[in-house]
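Subject: Structure handover

Hello,

Here is the structure we talked about. Please open it and keep it in view while you read the notes below.

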Amino acid sequence: MSEGPHVLIVDDEIQIRRFLRISLEANNYRVYEADCGQAALAQAALHRPDVIVLDINLPDMEGVEVLRRLREWASTPVIMLSVRAGDLDKVSALDAGADDYLTKPFSTVELLARLRVALRHVQPATSDPVFTYGDVQIDLARRLVTRKGEAVKLTPTEYALIRLLVQHAGKVLTHRQILKEVWGAQYVDETHYLRVYFGQLRQKLEENPAMPKLIVTEPGVGYRLVGE
Amino acid sequence: MNDYRPDPDSLLAAIRRDEARQQRGRLKIFFGMAAGVGKTYAMLQAAQARRTEGSDAVVGWVETHGRAETEFLLAGLEQLPKQQLEYRGAVLEEMDLDAILARSPQLVLVDELAHTNAPGARHLKRYQDVLELLDAGIDVYTTVNVQHFESRVDAVRQITGITVHEKVPDSLLDLADEIELIDLPPDALRKRLAEGKVYTAERVEVAANNFFRTGNLTALREMALRLTAEHVDHKLQDYMQAKRIAGPWKSGDRLMVAVSPSPFSEEVIRWTRRMAYTLEAPWFAAFIETSAGLSEAQRELLAQNLELVRRLGGEVVTAAGEDIVEGVLRLAQQRNATQIVVGKPLQTRFEDWRRGGSLVDRLIRAGSDIDIYVVSGDKAKHRTPLRAPFSLPQFQSTWRDYAGAAIAIGCVTFSLLAAHSVWPWISYQAVGLIELLAVLLVAVYLGRGPALLAALLSAISWNFLFIQPRFTFAISALEDIILFLFYFIIALFAGTLTARLRTRERQAQYNADRTTALYTLAHETATAANMDDVLRTAVEQIGQVFAADVAILLTEQEKLSHTVHPASTLAVNDQEFGVASWVFDNNKPAGRFTATLPQAAAQFRPLSTPSRRVGVVGIRPQQTGRLTFDQEVLLETFTSQVALVIERELLDEAAQESVVLRESERLYTTLLNSISHELRTPLATVTGAASSLLDENTVLTDQSRSELIGEIQSAADRLNRLVENLLDMSRLDAGRLQLKLEWCDIGDVIGVALRTLRNVLGKRPVQVTVAPDTPLIMLDFVLMEQVLVNLLDNVGAYTPADSSLEIVVMVKKNWVRIDLADHGPGVPTDALARIFDKFYRVPGTLAGGTGLGLSICRGLVEAHGGTLTAHNRDGGGMVFSIRLPSSAAPPPVQEAIL
C-alpha cells in the first residue's frame, strides 16, 4: 500500500478525532492527532503533514492563534472546523491564511473533497490553463470564456473575478480576499460590488441563475467556484 | 382607671430602644459637677480595666490638662492621630472621626462631650461625633459636666452668673447606657484647685474666686446628684414597665409649649422639657403661623427655637391661624395636651386692650380644662430692647417702600398742582379724593407703613397746597377743618385695611401656592411613566418651588450611586458627594444650614421611607439666607413624597421583574418538555438503527443497511437543526442578536437556502421569480438565509412530497416582498394567528417540531425591521410573506481598475 498524504487532525474531542481517523485511513491518509494547540504545533513541526484539519475552538488557545503561529514557518494548507454558520471567527481564520473551512456537523464526503482541493493547490500550477465545468469553459491562456461553445462577453472586472475563482477552484475565497485582489486594499469593505458583479456573472454563465451550480455563495464568508 | 397597665406605646418605644441599642455601641458618661473632680481620671481607669479584660480600647481624644496622674493612666492605650484643621491661618486640632470609624475599635474614649468643633470638622459639636460613633456600633466613654446640659443652662446661669455656651442635649442622658457620677465634696475640690491639680497656677485664683466658690459648687453638686437620681429613677421605671411590674405608672400628662419668634421662648422650651422629664410625660411644641410676616431676624430666631425643640427631643406642630389663642387651644385639643406652657407676655397694656385681653388671660378663660403654665423670661439676659410702642411688627416694608410712597404722593401732588393751575375749576375736594386713591394704591402695593406715611404726606400737602388759604398750614373754614380731619382718618383706616387685606391675600396666595405645589408634585409623580420621569418631575418641582438647583442620587446595590441622576440640575463634586454619602449612611440631613458639614455649598437630605432608604436629594437655593420654617416643612414634605414615589417605582420594577421571571420560568418548562420530546425521537432512531447495524445476529440486506444508515443521517440532521433553533432562540430572547448588515442580493439568499435544503425538498418542483429591478437590500445574509431555511423546512415537513413551490420576489415602494407559496394542506384559520407563537403547534399535526421555527423566523425578520405574515391561499396551500424595508439605495458600484 503506497503512502498516501499525511494529515494532522487537531480537535479536543476524542470522538471527532476517532471517526476522522477511521474515515481518513480508509481513504489512504496517514493520520496524526493533536488535542490542543501546543500539541498541534509540536506535531506539525515533527511530522510535517501535507494538510492540517484544525478545530477553531481549542482548550489552550484559539484555533486562529495556532494558525497564525503555524504560518510563521509553514505554508501547509489548513482546513478549519467551525461550530456555527454565522461564526465570524472562521472569516478571520480564512483572512489569516486558512485555506478552507467546514461547519460541524459535516459529512466525510465533504471533508475529503476539501482535502483534495487543498492538496491540489499545493502542487505547482498545472500546465492545462483550461477550466471546464459542465458546458462552461474558461481558458485563461486565451482569456476566453465560452458557454455551450459560444463565446461569453465579459467586462474586464467580470473576467478578473472569474479568473481569480478559477485560480482557486474548489476553494472558498472571502469577500476581503476577492475585493483586495480585484479592486485593491481600500475596497475590502465594499461587499455590494461582489453582489452586483457575481449576479451579472451568474446571469451570463449559469443555466439557472436563481440556483447557481458553478459560483456558489458561502453565507457570510465569500464565494467558491465548484471545482469538480 | 387603667393605671396598672403599661401604656402600649411607651412599651413599644422601650422595646425599640432596646433593639436599637443592641446594634448601637454602648455609651457611658462620666459625669461631674465641675472641672477637676476626676472624670477623665475615672474614665481612663475604667478603660484600663476594659483593656486588661481584653477589650480593644483606643483613645479618640483625651485632655490631660498636664495632670501627671492622668497622663500616667494613658500608658498602654492606643492613641489615634488627631485631625489638623486649618482655619484662617491657624492650625486647629480636632478628634479625627473618620480615623476612629476606619479603625473601628470596640471602645473609644472621647473626652469633653460638650466641646464645639473647629470649623471644617464634619459636625458642629463633638456630641454629634459621639452619636455617629455609637451608630457605627462602637462603645464610647465620655465625660461631661452638669452645667453643659441644655436643660440646666438657665439654672447654672442663675446660680453662677456664667452663661454656658457649650451645650449638650439632655437626650444624650437618655441614650446613655450607664452614667457614672464622679462626686467630690466642694471643699475637697477647692483643695485640689489650690494644690494646682485642676488649673495652672495663674488661672487658679481667678477660678477660685468666680466659678469655684463653695456656694456655686454646692449648688452644682446638688444639680448633678439630682440629675443622676432622675436618670436612675427613669431606668428603674423603664425596667419595671418592660417587666410588667405594677408600679407608679406614668401620668396621663401631655405638655404643649407655645413657641414664638421670641428670645424668651428658649427658656420656656427648656422649662417644658425639664417639667416633662420630671412628670415623665410626652411633650411637644406648637407654633401658630399668622398672616403677619416675620422679619429676617425673627425667622432666624424662630428657626433656632424650633431647632432647640427638636434637639431636646420634642416634636414641632404648626397650624395656621389669625388668632394665636384660638390656634393654640385648637392644637392642644387635637393633640390631647393636658398642660400648656406659655411665656410671660411682654406686650403693652395697649396691645392687650386692643386684642381683648392679654394672651394669657384669654388662654385661661378659653381653655377650661387645660392647665396653663406661665413661665417668665429672664429679661436681664436679653440686651435687645423691646419694641418701641409705636413700631409695628407686621411691617415688612423696607426704606425703599417708604421712599416709594413719598415719591408716589409727591408725583400725584405735583400733577394735581399742575392740573389745578391749568383747569382752576377742579375743586380741592376732588383733589382730596384723588389723593385718597393714591394712598389706597400705595397700601395695596407697598404695605401698611408706606400707606400711613402716604396718608400723612398727602394730608399735609393737600392742606398746604389746596385748602384755602393756600400755601399755609392754616385752614379758614370750619367745614374744611372737619373735611381735613376726616380725610386724615379715612386715609389712615383705608390704608391700614387695604394693606391688611393685601397681606391676607398674599398669605392665602402663598398657602394656595404651597398646596398647588404639593398637589402638582403628587399628581405629576403619580402619573409619571417611569423612574426617569418621576425624578425629572421631582427635580423640576423642587427647583421651581424653592428656586434652587437640585440633584438626586439614587442607590445602586444598596449603596449610594456615585453619579447624580441625569435629570439633576446641580452638579455634585467629590467633596459634596462625601456629604451626600454621610446623609445616606446616617439618614439625617447635612450640609449648608445644618449642624453637620455646614461648609458644604448645598444641603443634602435623605430620601427615605419607613422601610428603606432610596437615595439622597441635594438642593442649593439661590436665596442666600437659610430656608424659612415654612420652606423647611414644605421641603420635608416634598422629599418624603418623592421618596415614597421612588420606592413605589422600585417596587414596580421589582414586581415587573418577577412577572418576567415567572413568564420565563413557564417558557423554560415548556421548552424542556418540548425539547426532551424532540431530542428523544432522533436519538431513538440513531440508537435503534446503530444497534441493528452492530448486531451480528441481524442479517441485513445491503439495501436495508443503507436505509438504516440514511435514517441515522436524517436523525442527526434533525438534531442539528434543533440545536441551531435553540441557539437562535436564546440569542433572540437575550437581545444579544447583532445583525451583521451588508448589501445582499435577495435572489442569492434564496438560492443558498434552496441549496442547503435540497435534500429536504427532494423532488418538489421549485419556481423562483425575482423581479428584474430588485435592488440590493441591507440584510444579515446568514440570518435571512436561516429564515428561508426554516420556512422551507416547514414546507418539506408539511406538504406532499411532489407538490410544487413558488417563491416570488416583488418590489414595492420602500419594500421588497418575498412570497413563499406552497400547495400543501394549509393551516386552519383559527390557528393562523398563533403559528408564530413560541411553542405553538397546530393541533393534529404530525409529531416532530418544537414550535420554535416560525417564532424564530418572525423574530429574525422583525430584527431586520420587516414583517412576516401567513395566510391560506384560495386554491389550497399557504403563503408566507416576508416584507423587508429597502428605503435606501445601495451606493454606486465601480469597475475595478485593472
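Start with two helices in chain B. Helix 17 and helix 19 of chain B are roughly parallel to each other, because their angle falls under the 35 degrees used as the limit. That angle is about 25°, and the axes lie 8 Å apart. Helix 17 covers residues 428–446 of chain B, and helix 19 covers residues 478–527. The crossing of helix 17 of chain B past helix 19 of chain B is right-handed. On the helix 17 side, the contact uses Gly432(B), Leu436(B), Val439(B), Leu440(B), Ala443(B) and Val444(B). On the helix 19 side, the contact residues include Tyr487(B), Ile490(B), Ala491(B) and Arg502(B). Sorted by class, this contact has ten nonpolar, three polar and one charged residues.

One caution before you go on: this is a predicted model.

Now look at helix 2 (residues 37–47) and helix 3 (residues 63–71) of chain A. They pack at an angle of about 25°, and their axes are 10 Å apart. Helix 2 of chain A and helix 3 of chain A are therefore roughly parallel to each other. Here too, the crossing is right-handed. Helix 2 of chain A brings Gly37(A), Ala40(A), Leu41(A) and Ala44(A) to the contact. Helix 3 of chain A brings Glu65(A), Val66(A), Arg69(A) and Leu70(A). The classes are five nonpolar, one polar and two charged residues.

**Chain A as a whole**

Chain A has eight helices and twelve strands. It contains 228 residues, and 37% of them count as buried. Take the contacts in chain A between residues at least 6 apart in sequence: 57% of these join residues at least 24 apart.

**A sheet in chain A**

What is the strand order in the open sheet of three strands in chain A? The order is 10-12-11, and the pairing is antiparallel. Strand 10 (172–174) and strand 11 (215–218) of chain A stand at the edges. Each has a single partner strand, so one side of each has no neighbour in the sheet. From one strand to the next, the twist averages 30°.

Strand 10 of chain A is joined to strand 12 (residues 222–225) of chain A by three bridges. Find Val172(A): its bridge partner in strand 12 of chain A is Arg224(A). Then find helix 6 (residues 156–167) of chain A. Helix 6 lies across strand 10, strand 11 and strand 12 of chain A, and runs at about 70° to strand 12.

**Strands in chain B**

Strand 14 (residues 548–556) of chain B pairs with strand 18 (residues 613–621) of chain B. The pairing is antiparallel and runs over seven bridges. Asp549(B) stands opposite Arg620(B) in strand 18 of chain B.

Strand 14 of chain B is also joined to strand 15 (residues 559–560) of chain B, by two bridges. These strands run antiparallel. Thr555(B) has Leu560(B) in strand 15 of chain B as its bridge partner. Strand 14 and strand 15 of chain B form a hairpin with two residues between them. In the turn, Gln557(B) has a positive phi of about 50°.

**Where the chains touch**

**Two arginines to check**

Arg103(B) is in helix 4 (residues 97–103) of chain B. It is partly exposed, with 16 other C-beta atoms within 10 Å. Leaving aside neighbours within four places in sequence, Arg103(B) is in contact with Val58(B) and Leu80(B). Arg103(B) and Val58(B) are 45 residues apart in sequence, and their C-alpha atoms are 9.3 Å apart.

Best wishes

Definitions and conventions: Residues are numbered from 1 along each chain as its sequence is written. Chains are lettered from A and ligands numbered from 1 in the order in which they are written. This is a predicted model: local features need pLDDT of at least 70, side-chain atom pairs count only at pLDDT 80 or more; totals for chains, interfaces and linings use all residues. Axes are lines fitted to C-alpha atoms, for helices over the stretch in contact, and angles run from 0 to 180 degrees between N-to-C directions. Helices (H or I, at least four residues) and strands (E, at least two) are DSSP runs, numbered from the N terminus. Angles under 35 degrees count as roughly parallel, over 145 as roughly antiparallel, 65 to 115 as roughly perpendicular and the rest as oblique. A crossing is left-handed if the near helix is turned anticlockwise from the far one by less than a right angle, and right-handed if clockwise. Two residues are in contact if their C-beta atoms, placed from the backbone, lie within 7 Å. Ala, Val, Leu, Ile, Met, Phe, Trp, Tyr, Cys and Pro count as nonpolar, Asp, Glu, Lys and Arg as charged, and the others, Gly among them, as polar. Two strands pair if DSSP finds at least two bridges between them. A residue is buried if 20 or more other C-beta atoms lie within 10 Å of its own, exposed if 12 or fewer, and partly exposed in between; C-beta atoms are placed from the backbone.
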